[in-house]
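Biologist: I have a structure open and would like to learn how to read it. Please take me through the features one at a time.

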Amino acid sequence: MGPPVRRPQAPALRRHPPPGLTLAQTEVGAKTNETAHFRPLLEPLDLDGTLITFDALHSVKANVTWLVETKNAHYIAMIKRNQPTAYRQLAALPWPDVAVQHTASCTGHGRHESRSVKTCSIADELGGIVFPHARLALRVHRSTGRRETRETVYAVTSLDAHQATPAELAAAVRGHWTVEAQHNIRDRTFAEDTSTVHTGSAPRAMATFRNLAIGLLKTLGAANIAKTTRAIRDQPERALPLLGITNNHDPQGT
């Protein structure tokens, strides 16, 4: 038997993440995919002690190893059936013996959704779920709609049980939806998908402007981006002060 494996000391978790703002963006070329941009996009950011969430596409061993060991961050990695080994390991954990540790429900967009969360420690001697630095497994069960569609999703996280409560983990998983919501706002409110700007760097520049507008309005406390955007459209003179720009007419003509 070899010497015990020492895990790196876990950083303290930041408790006050910023609202859903776009801090960085990159263009994904036609001959590549999003996973190749994971590290370059996050590299310039200070991630020390932050909790990073991402969808199953980015749940790659090299990515999570880099987050923990290089960026000193935590992660929650969603695991779906496209990763059959990890998915089988998670599904085979003794979930029937684990009590529900957190429940929540909400109503929005005309539908009711309820969620329950269970967590299970991943023992080192099991060989670990096939993800580096994984400490806890999560099972999130969701039911939505009048016909009550049900879904069970699994995830792993580098956080220990003492670093985050089940409610905080559930909030982080659900909070990842802000990424999809951002795309929805850009498409529905700013009509990104119907834009006729397609050449050169113009599409990327327009995406930057849309993200800037959304981030600014969120920072100022706008709860409904579409409603606020319509109000500014109807009174465009309200736009410049939001950016700290005043339009004072100088009678001297200077």
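Biologist: Which element has the lowest mean pLDDT, and which the highest?

Modeller: This is a predicted model, and pLDDT is the predictor's confidence in each residue. Helix H5, residues 177–188, has the lowest mean among the elements, at 69, while S2 has the highest, at 92. Over residues 1–8 the pLDDT is below 50, and beyond near neighbours in sequence this stretch has 5 contacts in the model. For the protein as a whole the average is 78, and 77% of the residues score at least 70.

Biologist: How many helices and strands are there?

Modeller: The protein has 8 helices and 6 strands. Read from the N terminus, the order is α-β-α-β-α-β-β-β-β-α-α-α-α-α.

Biologist: What percentage of the residues is buried?

Modeller: A residue counts as buried when its relative accessible area is under 20%. Of the 254 residues in the protein, 33% are buried. The protein exposes about 16,400 Å², and 54% of that area is supplied by carbon and sulfur atoms.

Biologist: Which residues of H2 are buried?

Modeller: They are Asn 63, Val 64, Trp 66, Leu 67 and Val 68. The cover over these buried residues of H2 includes helix H1 (38–42), strand S1 (51–54) and S2.

Biologist: What share of the contacts joins residues at least 24 apart?

Modeller: Taking contacts between residues at least 6 apart in sequence, 57% join residues at least 24 apart. A separate example uses C-alpha positions. Gln 89 and Ala 137 are 48 residues apart along the chain, and their C-alpha atoms are separated by 9.9 Å. Gln 89 belongs to helix H3, residues 84–91, and is partly exposed at 26% relative accessibility.

Biologist: Now the charged side chains. How many salt bridges does the structure hold?

Modeller: The general idea comes first. Side chains of opposite charge can pair when their charged atoms come close. This structure holds 2 salt bridges. One of them joins the side chains of Arg 135 and Asp 160, at 2.5 Å from N to O. Arg 135 lies in the loop between S4 and S5, and Asp 160 in the loop between strand S6 (149–157) and helix H4 (166–175), so the pair ties together parts that are 25 residues apart in sequence.

Biologist: Is Arg 135 buried or exposed?

Modeller: Arg 135 is buried, because its relative accessibility is 13%. The side chains of Arg 135 and Asp 160 also make a polar contact, at 2.5 Å. As for the elements on either side of the Arg 135 loop, strand S4 covers 111–121 and strand S5 covers 136–144.

Biologist: Which residue forms a salt bridge with Arg 142?

Modeller: Glu 151 does, with the closest N and O atoms 3.4 Å apart. Arg 142 has a relative accessible area of 24%, so Arg 142 is partly exposed. Glu 151 is also partly exposed, at 39% relative accessibility.

Biologist: Next, the backbone. What is phi of Asn 72?

Modeller: For Asn 72 phi is near 55 degrees, a positive value in a residue other than glycine. Asn 72 sits in the loop between helix H2 (61–69) and strand S2 (74–79). Asn 72 is partly exposed, with 27% relative accessible area.

Biologist: And where does His 133 lie?

Modeller: His 133 is in the loop between S4 and S5. Phi of His 133 is near 65 degrees, again a positive value in a residue other than glycine. With a relative accessible area of 17%, His 133 is buried.

Biologist: Why does Leu 243 count as exposed?

Modeller: The label exposed requires a relative accessible area over 50%. Leu 243 counts as exposed because its relative accessibility is 51%.

How values were computed:
Residues are numbered from 1 along each chain as its sequence is written. This is a predicted model: local features need pLDDT of at least 70, side-chain atom pairs count only at pLDDT 80 or more; totals for chains, interfaces and linings use all residues. Side-chain values use heavy atoms; hydrogens and water are left out. Buried means under 20% relative accessible area, exposed over 50%, partly exposed in between (1.4 Å probe, protein chains only). Helices (H or I, at least four residues) and strands (E, at least two) are DSSP runs, numbered from the N terminus. A polar contact is a pair of N or O atoms within 3.5 Å; within protein, one must be able to donate a hydrogen and the other to accept it, and residues adjacent in sequence count only if both atoms are side-chain atoms. A salt bridge is a side-chain nitrogen of Lys or Arg within 4 Å of a carboxyl oxygen of Asp or Glu. Contact means heavy atoms within 4.5 Å. Accessible areas come from the Shrake-Rupley method with a 1.4 Å probe; for residues, only the protein chains shown count as cover. pLDDT is the predictor's confidence in each residue, from 0 to 100.
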